[in-house]
Amino acid sequence: MSYKHIVIPEGGEKISVKDGRLAVPDNPILGYIEGDGIGPDITRACLRIWDAAIHKAYDGKRKVHWCEVFMGEKAGGIYEGDYFPAESLEALQDLIVSIKGPLTTPVGGGFRSLNVSLRQELDLYACVRPVKHYDGVPSPLKEPEKVDIVIFRENSEDVYSGIEYQSGTPENEKLAKFLRQDMKVEFFEQAGLGIKPISPFATKRLVRKAIQYAIDHDRESVTLVHKGNIMKFTEGAFRNWGYEVAREEFGEQTITEEELYSQHGGKRPDGKIVIKDRIADIIFQLMLLRPAEFDVLATMNLNGDYLSDACAAEVGGMGIAPGANMADHVAVFEATHGTAPKYAGQDKVNPGSLLFSGVMMFEYIGWTKAAELISQAYAETVKAKIVTYDFARQMDGATEVSTSGFAGAMVEQMESGIDVKAKQQERMKAIEAERREREARRVERPFEEMEESGRTPTTVGDIMTRMPVTVKAGTKVSEAMHMMREHGVSSVLIAPSGDGKWGIMTQRDVVSRIVHANRSPATVKVEEIATMPLVTVPVDMSLYDCSSQMIGANIRRVVVAQNEVPIGIVSDTDLFRSVEEFGWLPE
């Protein structure tokens, strides 16, 4: 493909897609857009760092051939005022993987945001934002090292669809009339109206990418973030469709959080990704109080916009927050901050956002050794307190350097020799220790752990008493009573004998069928006073349906069974506790 102003570098090969995966040569051509404002400063610095890392990591056997693509103000000067040239769009599609600095949108009517236009024209439906703390970076949190998440934000629907009707316009009045008269909806007069479409197609492709990322990067969980308790048919549907993708397409690799508790006793099976969901407002609190609980978040556009910026503030701010906009294969990595024109050309600002977007890019093409080297060199440089002005003013004894000076310090760190493998092992050891600690809490106090981690019980599997005390048929009631007192329980299960039927003996049975009947517990067998056969419910039965079952059968507890084998007990006390601690929303 020939271009008017874009020059494809000689000696490089383009990335291609084979069998649904990227095919990356050792000399790939990657596109870059310099950006506006501070863009040239940070791009020059990052290109220097990236090239040095690749050379060091692969002993000169790999090399990126950089192809400059033009957008924004620089494009306007080259393409006679066109800030968004068609050939630049074609080049980004052709090169598949590119990175860009911040872009400004021209002042004046008729100009769309260049960033939004780029996402829409290339259908870059997933905005991916990793948020991770690096040693030495100033943070408002006490334990910022526990923040290590990746946010997948849907890029094409929700508020980004741009379906709005201004108050007082004929279009607004037409829609308002339809809503009031035909749909019987009530709202204030002269209200501006907006529509937020959420579709199964857009939802599923985003969640699919998030789950695959979690699998590829050995993450522990994917959390669907939504406001489905209020917006049931848009954000609630996002949640439901997300679970559908996990169940139908990743059934062998995933389990739900409900299954984690009900079937596995809080222990995550090796290699399984836990799929869970949280209400949007709750997740903001949890990202401050319990950030280690979360790995990958998948959410809609507006939630993701707020959440990614808020989380970035926990680990150093937007100045070091990386990001990417991705289609199935085409990806444009980007600095997530603005152009900061007052610092343009001053060689002053922190290049971290674009730098770590490059780290994401190298991970995306499979060059993880270079990516890790850059991350480690950055951490070592900051720990040495060699930083740009934004961090220097927050640190005691810092050495303030320019953008290019920071790049030079990072290159020196890489050249001096960093034991990347040792650092990786140290990090993985800390991650595994944190995972084991969380698992122990889930096993030892599941109810409290659910509450503290933001999970609201919805099924009997969430609140049941696991591993109920079981006795054999033929056991004397006195012996069973001793076991009940020893274990602090109000009932025991009776294992089946020849008839294959399970039973349950409760404290009430002892009172009514032993004490009131004036019989000796030392001579009566448990099956003589037990309730048989059991009233059982499946592990995924809703709490509402469980209450209906108990009321209908005039009983105080039911046995939760799986494959006809009891695995837990739910009592009216458990239901009461759940409602008292978590509240109750009518179905």
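A surface patch, as the term is used here, is made of residues with over 30% relative accessible area and no salt bridge, and nonpolar side chains are joined into one patch within 5 Å. The model shown in these views is a predicted one.

View 1. F178, M183 and V185 together make a nonpolar surface patch of about 260 Å². One of these residues, M183, has its place in the loop between helix 5 (170-181) and strand 9 (193-195). M183 has a relative accessibility of 47%, and therefore counts as partly exposed.

**View 2. Helix 14 and what covers it.** After helix 14 comes G417, a residue whose phi is positive, near 100°.

**View 3. Strand 6 and its two partners.** Strand 6 (residues 126-132) is mostly covered, since six of its seven residues are buried. With strand 7 (residues 148-154) it pairs in the antiparallel sense over seven bridges, and among these pairings R129 has I151 of strand 7 as its bridge partner. Strand 6 is also joined to strand 14 (residues 322-326) by three bridges, and these two strands likewise run antiparallel; here A126 has M326 of strand 14 as its bridge partner.

View 4. A340, however, has a positive phi near 40° without being a glycine, and it is found in the loop between strand 15 (331-335) and helix 11. With 28% relative accessibility, A340 counts as partly exposed. N554, which is not a glycine either, has a positive phi of about 55°, and its place is the loop between helix 21 (543-553) and strand 23 (557-562). Is N554 buried or exposed? At 70% relative accessibility, N554 counts as exposed. The peptide bond that joins M532 and P533 is cis, with an omega of about -5°, and P533 is found in the loop between helix 20 (526-529) and strand 22 (536-538).

Terms used
Residues are numbered from 1 along each chain as its sequence is written. This is a predicted model: local features need pLDDT of at least 70, side-chain atom pairs count only at pLDDT 80 or more; totals for chains, interfaces and linings use all residues. Side-chain values use heavy atoms; hydrogens and water are left out. Patches are made of residues with over 30% relative accessible area and no salt bridge: like charges are joined within 9 Å, nonpolar side chains (Val, Leu, Ile, Met, Phe, Trp, Tyr) within 5 Å. Accessible areas come from the Shrake-Rupley method with a 1.4 Å probe; for residues, only the protein chains shown count as cover. A salt bridge is a side-chain nitrogen of Lys or Arg within 4 Å of a carboxyl oxygen of Asp or Glu. Helices (H or I, at least four residues) and strands (E, at least two) are DSSP runs, numbered from the N terminus. Buried means under 20% relative accessible area, exposed over 50%, partly exposed in between (1.4 Å probe, protein chains only). Two strands pair if DSSP finds at least two bridges between them.
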